[in-house]
Amino acid sequence: RVLKISEGRQNVDDLIRNEEIALAINTSDDRSSKDDAKTIRQSVLSNSVPYFTTIAAAKATALAIKELQANGGDIEPKALQDYLS
């Protein structure tokens with residue numbers, strides 16, 4: 001757990017830029033959090049950090065990765081468009 005941008009320094013944006021965060025889960029619920037969310041999204045995209053907006057999505061992803069690893073599957077992320085073309 002780390003500080004959001006509006007909560008002071010050393011915050012999530014600092015840690016992402018310093019490559020100290022490998023995965024971000026940001027659940028926004030108030031105005032200041034929503035303002036921070038834009039900067040956090042920009043930072044994770046610029047630094048190729050996986051980003052989730054719900055605990056349920058992060059858990060589902062972790063379970064899927066665990067299942068793939070248990071079955072010897074290679075994990076190679078693809079865009080949704082790659083599956084639809």
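**A surface residue and its surroundings**

Tutor: This is a predicted model. We start with Ile 55, which is partly exposed at a relative accessible area of 49%.

Student: Why does Ile 55 count as partly exposed?

Tutor: Buried means under 20% relative accessible area and exposed means over 50%, with partly exposed in between. Ile 55 falls in between, because its relative accessible area is 49%.

Student: Which residues form a nonpolar patch on the surface, with about 260 Å² of accessible area together?

Tutor: A residue needs over 30% relative accessible area to belong to a patch. Ile 25 has 41%, and Ile 55 has 49%. The patch is made of Leu 23, Ile 25 and Ile 55.

Student: With which residues is Ile 25 in contact, leaving aside its neighbours within four places in sequence?

Tutor: Ile 25 is found in strand 1, residues 24–25. Contact means heavy atoms within 4.5 Å. With those sequence neighbours left aside, the contacts of Ile 25 are Phe 52, Thr 54, Ile 55 and Ala 58.

Student: What is the separation of the C-alpha atoms of Ile 25 and Ala 70?

Tutor: Ile 25 belongs to strand 1, and along the chain Ile 25 and Ala 70 are 45 residues apart. Their C-alpha atoms are separated by 24 Å.

Student: What span should helix 3 have at 1.5 Å a residue?

Tutor: Helix 3 covers residues 55–70, and Ile 55 is part of it. The expected span is 1.5 Å times one less than the number of residues. Helix 3 has 16 residues, and the distance between its end C-alpha atoms agrees with the expected span, so both values are 22 Å.

Student: Which residue just after helix 3 takes a positive phi?

Tutor: Helix 3 consists of residues 55–70. Just after helix 3, a positive phi of about 75 degrees is found at Gly 72.

Student: Is Glu 76 buried or exposed?

Tutor: Glu 76 lies in the loop between helix 3 and helix 4. The cut-off for exposed is over 50% relative accessible area. Glu 76 has 59%, so the term for it is exposed.

Student: Which element gives the largest share of the largest nonpolar core?

Tutor: That core has eight residues: Val 12, Leu 15, Ile 16, Ile 21, Ala 24, Ile 40, Val 44 and Val 49. Two elements give two or more residues to this core, helix 1 (12–17) and helix 2 (31–46). The largest share is three residues, and they come from helix 1.

Student: How many salt bridges does the structure hold?

Tutor: Side chains of opposite charge can pair when their charged atoms come close. Arg 9 pairs with Asp 14 at 2.7 Å, N to O, and Arg 17 pairs with Asp 13 at 2.9 Å between the closest N and O atoms. The number of salt bridges in the structure is two.

Student: In the salt bridge of Arg 9 and Asp 14, which residue counts as buried?

Tutor: Arg 9 counts as exposed because its relative accessibility is 67%. The cut-off for buried is under 20%. At 12% relative accessibility, the residue that counts as buried is Asp 14.

Student: How many residues apart are Arg 17 and Asp 13?

Tutor: Arg 17 is exposed at 53% relative accessible area, whereas Asp 13 counts as buried at 11%. Both lie in helix 1, and their spacing is about one turn of the helix, or four residues.

Note on methods: Residues numbered from 1 in each chain as written. Predicted model: local features only at pLDDT ≥ 70, side-chain atom pairs only at ≥ 80, totals over all residues. Heavy atoms only, no water. Patch = residues over 30% accessible without salt bridge, like charges linked within 9 Å, V, L, I, M, F, W, Y side chains within 5 Å. Areas by Shrake-Rupley, 256 points an atom, 1.4 Å probe, with all protein chains shown as cover. Salt bridge = Lys/Arg side-chain N within 4 Å of Asp/Glu carboxyl O. Buried < 20%, exposed > 50% of the residue type's maximum accessible area, 1.4 Å probe, protein only. Core = buried A, V, L, I, M, F, W, Y, C linked by side-chain atoms within 4.5 Å.
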